Amino acid sequence: MTRASDSYVNAGCQGSAEARLDGSPCFSDASTIMVGAPIIGMNLQTDEIRYKLDG
């Protein structure tokens with residue numbers, strides 16, 4: 001996610017209409033950023049539950 005975020009900023013995607021065009025680098029980076037954060041949260045919650053169950 002960090003790499004995608006840096007790439008998004010460095011490519012000048014902020015405020016760009018390209019961020020909404022499927023297939024553009026901006027779209028790819030935006031998707032990675034938006035999907036990656038919830039997945040990390042879910043993984044952390046799953047790990048925490050496993051730890052509580054397994055001790």
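**Getting to know the chain**

Both cysteine 13 and cysteine 26 are buried. Keep in mind that this is a predicted model.

Q: How many helices and how many strands are there in the protein chain?
A: Let's start with the overall layout. Helix 1 covers 2–10 and helix 2 covers 25–54. No strands turn up, so by the rule for DSSP runs the tally for the protein chain is two helices and zero strands.

Q: Of the 55 residues of the protein chain, what percentage count as buried?
A: To count as buried, a residue needs a relative accessible area under 20%. Across the 55 residues of the protein chain, the share that passes is 16%.

Q: What joins cysteine 13 to cysteine 26?
A: The two sulfur atoms sit 2.0 Å from each other. The cut-off for this kind of link is 2.5 Å, and the count by that rule comes to one. What joins cysteine 13 to cysteine 26 is a disulfide.

Q: Where are cysteine 13 and cysteine 26?
A: This pair links distant parts of the chain, 13 residues apart. Cysteine 13 is in the loop between helix 1 and helix 2, while cysteine 26 is in helix 2.

Q: Is the link of cysteine 13 and cysteine 26 left-handed or right-handed?
A: Look at the turn about the S-S bond, which comes to -75°. With that angle, the link of cysteine 13 and cysteine 26 is left-handed.

Q: Which side chain of opposite charge is nearest to aspartate 29?
A: Aspartate 29 lies in helix 2 and is buried, yet it has no salt bridge. A salt bridge needs a distance within 4 Å, but the nearest side chain of opposite charge is 9.2 Å away. That side chain belongs to arginine 3.

Q: Which residues does aspartate 29 touch, not counting those up to four places away in sequence?
A: Touching here takes heavy atoms within 4.5 Å. Leaving out residues up to four places away in sequence, aspartate 29 touches Ala4, Ser7 and Tyr8.

Q: Is methionine 1 buried, exposed or partly exposed?
A: Methionine 1 is found in the segment before helix 1. Its relative accessibility is 40%. Buried means under 20% and exposed over 50%, so methionine 1 counts as partly exposed.

Q: What distance separates the C-alpha atoms of serine 16 and phenylalanine 27?
A: Serine 16 has its place in the loop between helix 1 and helix 2. Along the chain, serine 16 and phenylalanine 27 are eleven residues apart. Their C-alpha atoms are separated by 10.0 Å.

Terms used. Residues numbered from 1 in each chain as written. Predicted model: local features only at pLDDT ≥ 70, side-chain atom pairs only at ≥ 80, totals over all residues. Heavy atoms only, no water. Helix = DSSP H or I, 4+ residues; strand = E, 2+ residues; numbered from the N terminus. Buried < 20%, exposed > 50% of the residue type's maximum accessible area, 1.4 Å probe, protein only. Lys, Arg positive; Asp, Glu negative; His and termini not counted.
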